Amino acid sequence: MTTIEEFNEHVMGSYGRFDLVLEHGENRTAVDENGKQYIDFGSGIGVNSLGFCNEKWVEAVCAQARSIQHTSNYYYTKVQADFAKLLCEATGYDKLFFGNSGAEANECAIKIARKYSFDRYGRDAERNIIITLENSFHGRTMATLSATGQDVFHNYFFPFLPGFVNVKANDSEGLIKTLNELDGRVCAVMFEFVQGEGGVVPLDKEFVDVIIEECAKRDILTIADEVQTGVGRSGKMLTSQVYGVKPNITTLAKGLAGGVPIGVCMADKSCSDVLVPGTHGSTFGGNPLACAGGIAVLETVLEDGFTDEVTKKGEYIRQKLSEIDEVDGVDGVGLMLGVRLKSKKAAEACKACLENGLLVLTAKEKLRFLPPLNISYEEIDKGISILSEILK
């Protein structure tokens, strides 16, 4: 029995997988069970931010595994304290909550927003609606699916949770109209600066400014879902810094711990003390292995010039792609790029890339690139060369 046959016999078929068994990886190259090598332009959907088995990251996680791998949140660990301090200092947020995924981080943000309004205005005010954007994606739990603004995800699992209203992205008038219509009932506006699963679609800065300004007027919290865009992916520590704003709450996950499951919900002083003992929890949240990996990632991303290089590499990829006739354009920021094709289907191109030794992703009708942040120019050239040949 092959690995794939054994896997499919015992694992639920909730994913559409390629017939590829990855065995190991080093830096930005993955190797399958037959020894074939692949340049990685996907980094596990933005998770392996330092590539495969980065030496500093491996040493940090292994050292922590030899020390203490887990303890319940009845107790403290120094690695958790050190990581929290480093992350708060790097982002300017007051306090954070540790979870295990982007969906968990967003669930925490939803709970903070609703309890914030409950505490200030009382239960009878029913100030619990969260506005999200059409084409958004916030996770696969029931609450985050309900928050997601894509009809394709709103099936099978009825009834979805109430209390979420979608508005069109980049429609400032529509947002203000909805806020006015729901006057006194909205507790938060939740958004992604770049809609990743929605097709790598950046929000207009003017629209983001309206969100921040209108919410501030009405004592409505702003929640930035930076699960995919955060931790240097955009060429800044947070993509909010690219836009020149600071939401009340920011969520992080994917690339934060370099491959170990993690989710973080960070809050500013206005709402950082909303959660009190008994109101939220997570058995594995703040796991010492994840925190150790997270420190290694943050220390690397925060090195002088690191995020500047992310921006330069993103621009370099754009330039290389512009030289390919089949490429119609490129969307995104930093090393989060969506490639529009003129005639070829993105899914077909993705499969062809795989067959030729390049791992890429798709997002709606686009190819999606989320390479490791420390990818080399030589590796970029090699990957783009493979893509160019496929698209001829």
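Let me start with glycine 232, which sits in the loop between β10 (221–225) and α9; helices here are DSSP runs of H or I with at least four residues, strands are runs of E with at least two, and both are numbered from the N terminus. This is a predicted model, in which local features need pLDDT of at least 70 and side-chain atom pairs count only at pLDDT 80 or more, while totals for chains, interfaces and linings use all residues. Residues are numbered from 1 along each chain as its sequence is written, and side-chain values use heavy atoms, with hydrogens and water left out.

Glycine 232 is buried, with a relative accessible area of 0%. For the cut-offs, buried means under 20% relative accessible area, exposed means over 50%, and partly exposed is in between, with a 1.4 Å probe and protein chains only. Leaving aside residues up to four places away in sequence, glycine 232 touches Met237, Val301, Thr307, Val310 and Leu373, where contact means heavy atoms within 4.5 Å.

Which residues of α11 are buried? They are Phe306, Thr307, Val310, Lys313, Gly314, Ile317 and Leu321. Seen down the axis, these buried residues fall within an arc of 105°, so they line one face of α11; the arc is that of the directions from the helix axis to the C-beta atoms. They pack against α10 (288–301), β13 (327–333), β14 (336–341), β17 (366–369) and α13 (377–391).

Next, α4, residues 78–91. It has 14 residues and reaches 20 Å between its end C-alpha atoms, close to the expected 20 Å. Its buried residues are Val79, Gln80, Phe83, Ala84, Leu87, Cys88, Ala90 and Thr91. They cover an arc of only 165° around the axis, which puts them on the same side of α4. The face turned away from that buried side carries the exposed residues Lys78, Lys85 and Glu89. The buried residues of α4 pack against α3 (55–65), β4 (95–99), α9 (239–243), β11 (249–252), β12 (263–267) and α10. After α4 comes glycine 92, with a positive phi near 85°.

Helix α5, residues 102–121, has 20 residues that should span 28 Å, and its end C-alpha atoms are 29 Å apart, which agrees. Its buried residues include Gly102, Ala103, Asn106, Ile110 and Tyr116. Glycine 122 follows α5 and has a positive phi, near 90°.

Now the helix pairs. Two packed helices are described by the angle between their axes and the distance between the axes. The axes are lines fitted to C-alpha atoms, for helices over the stretch in contact, and angles run from 0 to 180 degrees between N-to-C directions. The axes of α7 (residues 172–181) and α8 (residues 205–218) come within 10 Å and cross at roughly 20°. These two helices are therefore roughly parallel to each other; the classes are under 35 degrees for roughly parallel, over 145 for roughly antiparallel, 65 to 115 for roughly perpendicular, and oblique for the rest. The contact is made by Ser172, Leu175, Ile176, Leu179 and Asn180 of α7 and by Glu206, Phe207, Val210, Ile211, Glu214 and Arg218 of α8.

Serine 172 of α7 is partly exposed, at 22% relative accessible area. Not counting residues up to four places away in sequence, serine 172 touches Glu206, Phe207 and Val210. Its C-alpha atom and that of valine 208, 36 residues apart along the chain, are separated by 8.8 Å.

The second pair is α12 (residues 346–355) and α13, which pack at about 125° with their axes 10 Å apart. They are therefore oblique to each other. Ala349, Ala352 and Cys353 of α12 meet Leu387, Ile390 and Leu391 of α13.

Last, some backbone details. Phenylalanine 158 and proline 159 are joined by a cis peptide bond, with omega about -5°. Proline 159 lies in the loop between α6 (142–147) and β6 (164–167). Which phi does isoleucine 45 have? It is positive, about 60°, although the residue is not a glycine. Isoleucine 45 belongs to helix α2 (residues 43–46) and is partly exposed, at 32%. Lysine 364, also not a glycine, has a positive phi of about 55°. Lysine 364 is in the loop between β16 (361–363) and β17, and at 43% relative accessibility it counts as partly exposed.

How values were computed
The expected span of a helix is 1.5 Å times one less than its number of residues.
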